[in-house]
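Colleague: I would like to go through the charged side-chain pairs and hear the reasoning behind each label. Please show me the structure before we start.

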Amino acid sequence: MKLIDAHVHLSDTQYSGHMEEVIADAKAAGVTAIITNSMDPKTCRNDLELAKRYAGLVYPALGIHPWNVNVLGEGELEETVNLIQNHRAEVKAIGEIGLDAKYETAWEKQIMVFDRMLHLAESLELPVIIHSRGTTERIVEMLPSYNLKRVVLHWFSYPLTA
């Protein structure tokens, strides 16, 4: 059986200085692929470097996390879009993107960034990895208006129905 870690943030500071150990542990556990999800332009660049360094094991999903929308600097959305477009061959998904109810003060900006990332995924025919804490119903209503190939919902918080 092949194991794939479809959602990790290898650029998080908690992994600094421990990357060799993390990679060795993953390999020892039989993990054959690791999808590292970005949070902002800085982690996008770092995840691209990790994918190069650990080619054949680490694959980047690039995007802007809804937690970072409220601190997004001028030009950083376009910088991220350009980075994704310029590295299309390496990028395996757009992620982690989405909406988060905890950050309602930046709600309009979250929706704008999320929409931009979804349109980018559409145009590049890439899967999306979506953060949906407290917003799953809204996201599920939005998704049919995009032509997306594959969707992974992360932090899924939607009630199950029978």
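Colleague: What do the side chains of Arg 116 and Glu 78 meet in?

Modeller: This is a predicted model. In it, the two side chains of Arg 116 and Glu 78 form a salt bridge, with 2.6 Å from N to O. The cut-off is within 4 Å, so the label applies. Arg 116 belongs to helix H4 (residues 107–124) and Glu 78 to helix H3, so this pair ties together parts that are 38 residues apart in sequence.

Colleague: Why is Arg 116 called partly exposed?

Modeller: Its relative accessible area is 30%. Buried means under 20% and exposed over 50%, so a value in between is called partly exposed. Glu 78, at 35%, gets the label partly exposed too.

Colleague: What makes Lys 52 exposed?

Modeller: Lys 52 has a relative accessible area of 61%. Exposed means over 50%, so the label follows. Its salt-bridge partner is Glu 49, at 3.7 Å from N to O. Glu 49 has 44% and is partly exposed. Both residues lie in helix H2, 3 residues apart, which is about one turn of the helix.

Colleague: Why does the salt bridge of Glu 79 and Arg 45 tie together parts that are apart in sequence?

Modeller: Their side chains meet at 2.4 Å, N to O. Glu 79 is in helix H3 (residues 76–86) and Arg 45 in helix H2 (residues 41–53), so the parts joined are 34 residues apart in sequence. Glu 79 is partly exposed at 32% relative accessibility, and Arg 45 is partly exposed at 38%.

Colleague: How many salt bridges does a search of the whole structure find?

Modeller: The search finds 5.

Terms used: Residues are numbered from 1 along each chain as its sequence is written. This is a predicted model: local features need pLDDT of at least 70, side-chain atom pairs count only at pLDDT 80 or more; totals for chains, interfaces and linings use all residues. Side-chain values use heavy atoms; hydrogens and water are left out. Helices (H or I, at least four residues) and strands (E, at least two) are DSSP runs, numbered from the N terminus. Buried means under 20% relative accessible area, exposed over 50%, partly exposed in between (1.4 Å probe, protein chains only).
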